[in-house]
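Visitor: I would like to learn how to read ring pairs and helix packing in a model. Please take me through a case.

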Amino acid sequence: MSAINKTPQASGAKAMQRAAIAIVILIVLAALLFWFAPDNLYLWVKAIHVIAVISWMAGMLYLPRLFVYHCDAEKGSVQSETFKVMERRLLRAIINPAMMLTWVFGLWLAWKGFAFQGGWLHAKIGLVVLMSGVHGYLSASVRRFAEDRNTKPARHWRMVNEIPTVLMILIVILVVVKPF
């Protein structure tokens with residue numbers, strides 16, 4: 001099939017398939033690490049956790065920015081439909097899997113490395129719960145944009161864009177400084 005004949009749904013399905021394959025490969029590699037490298041496992045899990053966090057944050061910072069531009073596009077226009085595809089793919093192929101991996105490996109690290117002890121860790125987990133709430137809000141917003149039901153102005157999305165940044169800064173300070 002030539003590139004000219006591909007429909008947006010077909011290319012989107014291919015992108016989702018590639019993302020799913022990448023996630024399966026990551027899970028298989030993680031399982032192999034658990035099986036073959038138990039002595040070095042903690043550092044590998046930490047590395048995978050950091051990679052997942054970076055991916056999650058990249059998406060969480062980019063999605064509200066897409067909403068800002070989407071607000072300026074006329075409903076039903078080619079530009080609006082393009083934003084819908086971009087938002088859906090970003091959410092499904094990057095943000096959702098990255099959040100799941102962040103939680104899975106983060107909880108394992110909290111259990112294995114700290115036995116869920118420490119005020120800084122409890123505060124960090126609380127902030128990650130808040131970040132997950134922002135994630136949920138953005139997910140619902142992707143659906144509203146897809147259905148042409150967004151009622152929020154671009155200014156709202158500019159402000160929402162700052163929330164993940166503030167949460168990320170606080171989380172990093174807690175992890176690195178461990179102030180309490």
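**Rings and helices**

Guide: Start with the rings: F67, Y137, F145 and W157 are linked into a cluster by ring pairs. Keep in mind that this model is predicted.

Visitor: How many aromatic pairs are there by this rule?

Guide: The count is 7 aromatic pairs. One of them joins W108 and W111, edge-to-face, with 6.5 Å centre to centre and 70° between the planes. Both residues belong to helix 3 (residues 78-114), where they sit 3 residues apart, about one turn of the helix. W108 is buried, at a relative accessible area of 16%.

Visitor: Why is the pair of F114 and W120 classed as it is?

Guide: Planes over 60 degrees apart count as edge-to-face. The planes of F114 and W120 stand at 85°, with ring centres 5.1 Å apart, so this pair is edge-to-face.

Visitor: Is W120 buried or exposed?

Guide: W120 is buried, with a relative accessible area of 8%, whereas F114 is partly exposed at 29%. K178 lies over the face of W120, 4.6 Å from the ring centre.

Visitor: What describes two packed helices?

Guide: The angle between their axes and the distance between the axes. Here the axes of helix 4 (residues 119-146) and helix 6 (residues 162-177) come within 9 Å and cross at roughly 160°. Angles over 145 degrees count as roughly antiparallel, and helix 4 and helix 6 are therefore roughly antiparallel to each other. Their crossing is left-handed.

Notes. Residues are numbered from 1 along each chain as its sequence is written. This is a predicted model: local features need pLDDT of at least 70, side-chain atom pairs count only at pLDDT 80 or more; totals for chains, interfaces and linings use all residues. Side-chain values use heavy atoms; hydrogens and water are left out. Rings of Phe, Tyr and Trp (its six-membered ring) pair if their centres lie within 6.5 Å; planes under 30 degrees apart count as stacked, over 60 as edge-to-face and the rest as tilted. Helices (H or I, at least four residues) and strands (E, at least two) are DSSP runs, numbered from the N terminus. Buried means under 20% relative accessible area, exposed over 50%, partly exposed in between (1.4 Å probe, protein chains only). A charge sits over a ring if NZ of Lys or CZ of Arg is within 6 Å of the ring centre and within 35 degrees of the ring normal. Axes are lines fitted to C-alpha atoms, for helices over the stretch in contact, and angles run from 0 to 180 degrees between N-to-C directions. Angles under 35 degrees count as roughly parallel, over 145 as roughly antiparallel, 65 to 115 as roughly perpendicular and the rest as oblique. A crossing is left-handed if the near helix is turned anticlockwise from the far one by less than a right angle, and right-handed if clockwise.
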